[in-house]
Amino acid sequence: MELNDVIQFNENHKWCGCFGYIDEVKICGDDVRYMIAVPTPQKGTAFIFVMKSENAIDKIGHTDLVMMKKEDEEN
């Protein structure tokens with residue numbers, strides 16, 4: 001999986017059924033850590049970390065419409 005992939009949390013995660021997108025990918029030793037952005041109505045965006053080894057997310061598609069990052073605002 002890669003940045004901006006749209007995902008759905010599966011039954012291996014407490015956010016089961018929720019949709020989000022991959023906002024950040026980090027290599028952690030032999031594993032990969034994903035930061036998932038989950039927009040929540042009238043409350044902003046929740047950021048949830050998931051390890052690839054947890055097998056807790058399924059790729060649904062890809063999006064280019066994502067939140068602007070702070071480093072993008074400076075340019």
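**View 1. Strands S2 and S3 are joined by bridges and form a hairpin.** Strand S2 (residues 19-28) and strand S3 (residues 31-40) run antiparallel and are joined by seven bridges, where strands are DSSP runs (E, at least two residues) numbered from the N terminus, and two strands pair if DSSP finds at least two bridges between them. This is a predicted model, in which local features need pLDDT of at least 70 and side-chain atom pairs count only at pLDDT 80 or more, while totals for chains, interfaces and linings use all residues. Residues are numbered from 1 along each chain as its sequence is written, and side-chain values use heavy atoms, with hydrogens and water left out. Two residues lie between S2 and S3 in the hairpin, and Gly29 in the turn has a positive phi of about 65 degrees. Among the facing residues, Ile22 has Ile36 of S3 as its bridge partner, and Glu24 stands opposite Met35 in S3.

**View 2. Five strands make an open sheet.** The order of the strands is S4-S3-S2-S1-S5, with antiparallel pairing. Which strands stand at the edges? They are strand S4 (44-51) and strand S5 (57-62), each of which has a single partner strand, so one side of each is left without a neighbour in the sheet. From one strand to the next the twist averages 40 degrees, an angle taken between N-to-C directions on a scale from 0 to 180 degrees, with axes fitted as lines to C-alpha atoms.

**View 3. Strand S1 has partners in S2 and in S5.** Three bridges join S1 to S2, and these strands run antiparallel; Val6 has Tyr21 as its bridge partner in S2, while Ile7 stands opposite Gly20 in S2. Five bridges join S1 to S5, also running antiparallel, and here Gln8 stands opposite Asp58. In a regular strand the side chains alternate between the two faces of the sheet. In S1, Asp5, Ile7 and Phe9 form a covered face, whereas Val6 and Gln8 form an uncovered one.

**View 4. The largest nonpolar core has twelve residues.** A nonpolar core is a set of buried Ala, Val, Leu, Ile, Met, Phe, Trp, Tyr and Cys residues joined through side-chain atoms within 4.5 Å. Its members here are Ile7, Phe9, Ile22, Val32, Tyr34, Ile36, Val38, Ala46, Ile48, Val50, Ala56 and Ile57. Strand S1 (5-9), S3 and S4 each supply at least two residues of this core, and S3 gives the most, with four residues. Val50 touches (heavy atoms within 4.5 Å) Phe9, His13, Val32, Arg33, Tyr34, Ile36, Ala56 and Ile57, not counting residues up to four places away in sequence.

**View 5. Phe9 and Trp15 form an aromatic pair.** A search of the whole structure finds one such pair, where rings of Phe, Tyr and Trp (its six-membered ring) pair if their centres lie within 6.5 Å, and planes under 30 degrees apart count as stacked, over 60 as edge-to-face and the rest as tilted. The ring centres of Phe9 and Trp15 are 6.5 Å apart and their planes stand at 45 degrees, so the pair is tilted. Is each residue buried or exposed? Phe9 is buried, with a relative accessible area of 1%, and Trp15 is partly exposed, at 24% (buried means under 20%, exposed over 50%, partly exposed in between, with a 1.4 Å probe and protein chains only).
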